[in-house]
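Try each task on your own before reading its solution.

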Amino acid sequence: MAEDWDLLITGGEVFTPAGLAPAAVAVKDGRIVDIGDLNPGGAAEVFDASGLTVLPGVIDTQVHFREPGLDHKENLESGTRAAVLGGVTAVFEMPNTNPATIDAAALNDKLSRARGRAWCDHAFFIGAAAENADKLGELERLPGCCGVKIFMGSSTGSLLVADDDTLLAALSSGTRRVAVHSEDEERLRERFDLVRDGANVDQHPVWRDEETALRSTRRILKLARKAGRRLHVLHITTADEMPILAANKDLTTVEVTPQHLTLAAPDCYERLGTLAQMNPPIRDERHRAGLWEGVRRGIVDVVGSDHAPHSREEKAADYPRTPSGMPGVQTLLPLLLDHLNAGRLTLPRLVDLTSAGAQRIYNIARKGRIAVGYDADFTVVDLKARREITGDWLASQCGWSPFEGMTVTGWPKATIIRGRIVMREDELPGDPLGEPVQFMETLPRG
């Protein structure tokens with residue numbers, strides 16, 4: 001009954017599994033309990049979404065929040081605050097912190113740090129390493145773990161897994177889908193002489209060329225098939241990888257980032273310098289068009305931000321001594337809404353790439369759609385609002401965005417997590433309430 005509802009969202013168009021239609025959504029105890037033509041009655045709180053569109057909560061499945069060890073770039077509080085300001089309701093955080101997240105103690109430390117400080121729901125990857133390869137099957141089932149991450153290139157210390165024997169051992173331990181950064185470390189080392197003594201940053205995609213990605217992706221697909229292990233290949237950057245991945249959809253899912261869909265070389269390096277430097281690199285228009293073709297044809301399963309902030313001071317060094325990565329969790333949805341308005345995406349495809357796809361890939365419990373019984377996670381947007389991405393809106397500890405000054409069409413107006421309004425009109429009305437995301441494989445037994 002209405003008097004039992006904690007929240008009623010009314011007046012807006014709601015995207016449910018049946019499509020987009022005017023409807024009200026009722027919430028009780030953090031879950032969706034009814035959808036339809038509902039009377040507000042005695043609902044404890046009513047959210048008027050008139051003129052707005054209510055989407056399933058956006059899930060960003062690749063962020064680097066840098067805590068512990070690199071807190072001057074980002075931390076769990078500032079990173080999740082940026083997330084909810086951008087309409088994101090849940091994030092999956094990467095293991096290349098200091099110390100690296102390669103055991104239960106490090107995972108539990110992150111969960112403890114997030115408690116009472118994270119604005120959105122969250123989960124953490126366990127990093128694959130030679131010393132934990134035989135334990136990954138146990139570690140991947142710990143509460144709060146979204147899965148295993150393998151760095152085949154572009155990492156340091158034990159998180160770099162470049163040889164086939166260790167890769168096969170990691171893939172053979174466990175059953176959950178494994179996320180992979182696919183660049184060939186041997187080729188990167190062979191070609192580093194191209195930039196070692198200094199170069200313009202526009203040489204970044206020359207050093208880390210297409211073959212670096214292709215060779216690595218072919219290798220990991222071959223090893224995964226040998227191990228019988230599902231893969232999720234992160235931040236694809238080349239048009240040439242798309243047909244290879246399409247031929248292996250029984251085994252692998254595919255991510256692209258908003259950066260690679262929005263920026264292109266050489267313009268991005270001319271305008272932004274090292275702020276455009278990331279791994280794998282932003283490439284030319286042929287590759288950007290190839291990524292959009294992968295989106296159009298359904299090869300791409302999800303968009304993740306690969307939010308990877310560094311300070312302006314670090315980025316101001318001379319290339320190649322500058323770190324790769326850029327912030328993106330807060331701008332993920334505004335960029336995709338702008339692409340929607342430009343005709344590059346449909347709304348159903350946007351929803352699939354930002355919520356339903358994440359649920360399928362990682363087997364998330366009760367998230368990813370607006371349906372009775374699911375968590376009451378909603379991203380409320382104005383599809384036609386025109387807004388400039390400005391520095392005073394950005395919340396990341398690093399304090400910058402490559403998209404600062406860009407005007408977009410489409411904007412997040414509210415972020416609702418488990419029935420509680422966390423962000424509304426750029427304001428955060430309450431306290432951080434993020435909780436660990438649950439997965440089918442990590443649900444409590446008994």
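**Exercise 1. List the buried residues of helix α7, then check the length of the helix.**

Step 1. T212, A213, L214, S216, T217, I220, L221, L223 and A224 are the buried residues of α7, where buried means under 20% relative accessible area, exposed means over 50%, and partly exposed lies in between (1.4 Å probe, protein chains only). A word on the source: this is a predicted model, in which local features need pLDDT of at least 70 and side-chain atom pairs count only at pLDDT 80 or more, while totals for chains, interfaces and linings use all residues. Residues are numbered from 1 along each chain as its sequence is written, and side-chain values use heavy atoms, with hydrogens and water left out.

Step 2. Element names come from DSSP runs: helices are H or I of at least four residues, strands are E of at least two, and both are numbered from the N terminus.

Step 3. The expected span of a helix is 1.5 Å times one less than its number of residues. For the 18 residues of α7 (residues 210-227) this gives 26 Å, and the end C-alpha atoms are 26 Å apart, so the two agree.

**Exercise 2. What is the strand order of the open sheet of eight strands, and how is β11 held in it?**

Step 1. Two strands pair if DSSP finds at least two bridges between them. The order is β8-β9-β10-β11-β12-β13-β14-β15, with parallel pairing. At the edges are β8 (58-63) and β15 (302-303), each of which pairs on one side only.

Step 2. On one side of β11, strand β10 (residues 121-127) pairs with it in the parallel sense over four bridges. G127 has K149 of β11 as its bridge partner.

Step 3. β11 (residues 145-151) is also joined to β12 (residues 178-181) by four bridges, again with the strands running parallel. Here K149 has A179 as its bridge partner in β12, and I150 stands opposite V180.

Step 4. Seven of the seven residues of β11 are buried, so the strand is largely enclosed by the rest of the structure.

**Exercise 3. Describe how α7 sits against the sheet and against helix α4.**

Step 1. Axes are lines fitted to C-alpha atoms, for helices over the stretch in contact, and angles run from 0 to 180 degrees between N-to-C directions. Contact means heavy atoms within 4.5 Å.

Step 2. α7 lies across β12, β13 (231-233) and β14 (252-256), and runs at about 170 degrees to β13.

Step 3. The axes of α4 (residues 164-171) and α7 come within 9 Å and cross at roughly 45 degrees. Angles under 35 degrees count as roughly parallel, over 145 as roughly antiparallel, 65 to 115 as roughly perpendicular and the rest as oblique. The two helices are therefore oblique to each other.

Step 4. On the α4 side, the contact is made by D164, L167, L168 and L171, and on the α7 side by R219, I220, L223, A224, K226 and A227.

**Exercise 4. Which residues of α13 and α14 meet, and at what angle do the axes cross?**

Step 1. The axes of α13 (residues 332-341) and α14 (residues 347-362) come within 10 Å and cross at roughly 155 degrees. That makes α13 roughly antiparallel to α14.

Step 2. From α13, L332, L333, L336, L337 and L340 meet L347, L350 and T354 of α14.

**Exercise 5. Is K110 buried or exposed, and what does it touch?**

Step 1. K110 is found in helix α2 (residues 104-114).

Step 2. With a relative accessible area of 1%, K110 is buried.

Step 3. Leaving out residues up to four places away in sequence, K110 touches E67, P68, L76, E93, M94, P95, T97, T101 and F124.

**Exercise 6. Find the backbone exceptions.**

Step 1. Most residues other than glycine have a negative phi, and most peptide bonds are trans.

Step 2. N98 and P99 are joined by a cis peptide bond, with omega of about 10 degrees; P99 is in the loop between β9 (88-93) and α2. Another cis bond joins N279 and P280, with omega of about -10 degrees.

Step 3. D29 is not a glycine, yet has a positive phi of about 55 degrees. D29 is exposed, with a relative accessible area of 62%. R418 also has a positive phi, near 50 degrees, but R418 is buried at 17%.
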